[in-house]
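Here is a friendly briefing to read with the model open in your viewer. It covers helix packing, pockets and a few backbone details.

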Amino acid sequence: MRREKIEITGEVRVRYAPSPTGFLHLGNAQSALFNYLFAKHYKGTWVLRIEDTDLKRNVPHGEESQMENLHWLGIYWDEGPDKPKEEFAPYHQKERVSLYHKYVQQLLDAELAYKDYATEEELTELHDQQMAAKIAPHYDGRWYGATKEQIKKAEAEGRKPTVRLHLPKNHVYSWDDMIKGTVSFNSDNIGGDFIIEKSNGMATYNFAVVIDDYLMKISHVLRGDDHIANTPKQLAVYEALGIPQPLFGHITLIYNLETHKKLSKRDKNTLQFISQYRKFGYLNEALVNFIAFLGWSPIGEKELFTRDELIEAFDIHRMSASPAYFDQKKLDWINSEYIKKIPIAELANRIVTLINVAETDTALKLKELKMQENLDFIKKVIQLYRAEAKTLMTFMEKIYFIKNSDRHKFSYADLAEFDKNNVHKILLVMQKEIQNAVEPIDYDSILLAIQKETGQSGRNLYIPLNVVFTDNKSAPQITELLAIMPKQNVEIMITNALKWLNQ
């Protein structure tokens with residue numbers, strides 16, 4: 001497929017049109033973000049429309065999840081259910097049924113569409129026969145050109161018809177895709193005459209979306225690559241109605257980096273929903289930055305962009321037609337970089353929000369400890385672990401660890417590298433010094449006293465202390481960690497380590 005550079009002219013109106021059949025996931029967010037960046041870069045309008053005609057599949061709070069998590073990401077629409085513009089309202093498809101029926105009737109009157117009285121059983125039989133004959137499943141047009149007598153008989157039997165659009169034979173539906181280049185489908189290969197109105201009077205997706213985009217004056221349609229097979233059907237509707245069509249761009253899907261397969265709910269090691277990233281301590285700025293690179297790349301080597309910088313840099317011609325791979329390490333790196341950039345006070349406030357909402361086990365435990373009321377302590381933990389934190393959950397786990405440090409069961413396995421007698425001497429001196437110390441304890445002075453009395457310094461002093469107080473050889477500055485631990489916890493941890501050494 002050849003890709004031509006498309007000039008973006010005139011008023012830009014794009015839309016993000018989710019179905020409330022599920023919650024906002026990575027693929028949704030990718031589509032929403034690119035529509036948002038496209039609209040803002042070209043000084044256009046971004047519309048939120050809810051495609052909720054499939055009432056049976058709609059899930060409770062699906063729409064709220066979409067809207068709340070888009071807001072959390074910092075992606076705000078210009079028009080939508082809560083920001084209606086009279087000319088284009090309503091923004092829920094289920095409230096637009098009469099509009100669809102008007103255009104269905106127009107096609108019926110022009111004999112470009114027809115009523116199909118085939119039963120489910122008959123259609124299933126047709127499908128089975130075609131599969132057995134190794135023919136691509138398609139509707140055979142059996143009710144196209146039906147006589148009045150046939151229709152009268154079907155209605156007398158109580159059959160409720162669907163309405164199908166009649167496709168011309170051997171007709172090419174082609175468009176210049178803004179991302180993929182020129183794409184073409186032959187009308188003979190898209191499944192035959194397709195339903196535009198169900199037997200219950202509800203328009204199908206491929207019909208309703210055309211009417212909505214036309215009436216809402218959508219100029220460009222940016223959506224996932226999984227919609228590309230829908231596009232020729234929608235072009236058939238545009239042509240039949242004789243109405244102008246928008247420019248299309250199909251965004252690459254997100255793939256698993258290890259399997260090279262489309263990311264799916266079966267990928268248990270990857271968080272699927274934006275609400276999960278939110279509750280597990282990812283920053284909205286970092287997630288937006290990461291998602292923007294799933295199918296787009298800027299000029300240059302820069303990797304960290306603010307939202308305004310993304311809007312400024314965005315260029316539809318730098319969208320990629322190649323698969324976008326989800327890289328967890330890259331996301332964690334971006335998130336850690338934002339953690340280093342955002343003020344400690346702001347990070348602390350976000351942690352307090354997570355604790356108050358209590359959507360994870362760690363947050364719930366911290367709420368039970370009333371840690372949301374101890375902002376100063378949270379800030380100290382952030383300061384201590386900021387350089388190594390991948391998410392806000394890192395801080396929350398450290399907060400819980402420090403507050404309950406006296407209750408943790410350590411293995412002390414790494415102490416095996418050191419002379420037990422020397423470690424024993426270090427802890428005995430430390431125990432004596434702490435007993436005589438008044439809070440706030442000056443741990444730097446205590447370490448100097450230990451060095452003086454035991455002759456131990458450097459690695460032989462600091463690594464054993466890391467193990468004693470974290471059960472890990474690697475730890476932040478040990479004196480800073482001890483300074484925010486309760487004194488009695490430090491004493492208990494020394495006692496526990498001495499018991500282990502005496503075994």
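At what angle do helix α13 and helix α15 pack, and how far apart are their axes? In this predicted model, α13 (residues 361–368) and α15 (residues 392–403) pack at an angle of about 45°, and their axes are 10 Å apart.

**Helix pair α13 and α15**

- Angles from 65 to 115 degrees count as roughly perpendicular, under 35 as roughly parallel and over 145 as roughly antiparallel, with the rest oblique; α13 and α15 are therefore oblique to each other.
- The handedness of the crossing between α13 and α15 is left-handed.
- On the α13 side the contact involves T362, A363, K365 and L366, which meet M393, M396, E397, I399 and Y400 of α15.
- Sorted by class, this contact of α13 with α15 has six nonpolar residues, one polar residue and two charged residues.

**Helix pair α6 and α7**

- Helix α6 (residues 205–215) and helix α7 (residues 231–241) have axes that come within 9 Å and cross at roughly 55°.
- That angle makes α6 oblique to α7.
- The crossing of α6 past α7 is right-handed.
- From α6, the residues Y205, N206, F207, V209, V210, I211 and D213 take part, meeting K233, Q234, V237, Y238 and L241 from α7.
- The contact of α6 with α7 divides into eight nonpolar, two polar and two charged residues.

**Helix pair α16 and α18**

- The axes of α16 (420–435) and helix α18 (residues 459–470) cross at roughly 70° and come within 10 Å.
- With that angle, α16 is roughly perpendicular to α18.
- V423, I426, L427 and M430 of α16 make the contact together with N460, L461, P464, L465, V468 and F469 of α18.
- In this contact of α16 with α18, nine residues are nonpolar, one is polar and none is charged.

**The largest pocket**

- Three elements, β1 (13–16), α1 (26–41) and β8 (220–224), each supply at least two lining residues of the largest pocket.
- Helix α1 gives the most to this lining, with six residues.
- The class make-up of the largest pocket's lining is 13 nonpolar, 17 polar and nine charged residues.

**The second largest pocket**

- The second largest pocket has a volume of about 380 Å³.
- Its lining has 18 residues, and the closest to the centre are W72, R278, K279, L354 and E359.
- The elements giving two or more residues to the lining of the second largest pocket are α2 (62–73), α8 (274–279) and α12 (344–357).
- Helix α2 gives the most to the lining of the second largest pocket, contributing five residues.
- By class, the lining of the second largest pocket is made of seven nonpolar, five polar and six charged residues.

**Backbone details**

- Most peptide bonds are trans, and most residues other than glycine have a negative phi.
- A89 and P90 are joined by a cis peptide bond, with omega at about 0°.
- P90 sits in the loop between α2 and α3 (97–109).
- Another cis peptide bond runs from E439 to P440, where omega is near 0°.
- The loop that holds P440 is the one between α16 and α17 (443–454).
- H61 is not a glycine, yet its phi is positive, at about 70°.
- The position of H61 is in the loop between β2 (45–48) and α2.

Terms used
Residues are numbered from 1 along each chain as its sequence is written. This is a predicted model: local features need pLDDT of at least 70, side-chain atom pairs count only at pLDDT 80 or more; totals for chains, interfaces and linings use all residues. Side-chain values use heavy atoms; hydrogens and water are left out. Helices (H or I, at least four residues) and strands (E, at least two) are DSSP runs, numbered from the N terminus. Ala, Val, Leu, Ile, Met, Phe, Trp, Tyr, Cys and Pro count as nonpolar, Asp, Glu, Lys and Arg as charged, and the others, Gly among them, as polar. On a 1 Å grid over the protein atoms alone, a cavity is a set of points where a 1.4 Å probe fits but cannot get out, and a pocket is an open set with protein on both sides within 12 Å along at least five of seven lines; lining residues have an atom within 4 Å of a point. Grid points are joined across faces, edges and corners, and a volume is the space filled by probe spheres set on the points. Axes are lines fitted to C-alpha atoms, for helices over the stretch in contact, and angles run from 0 to 180 degrees between N-to-C directions. A crossing is left-handed if the near helix is turned anticlockwise from the far one by less than a right angle, and right-handed if clockwise. Contact means heavy atoms within 4.5 Å.
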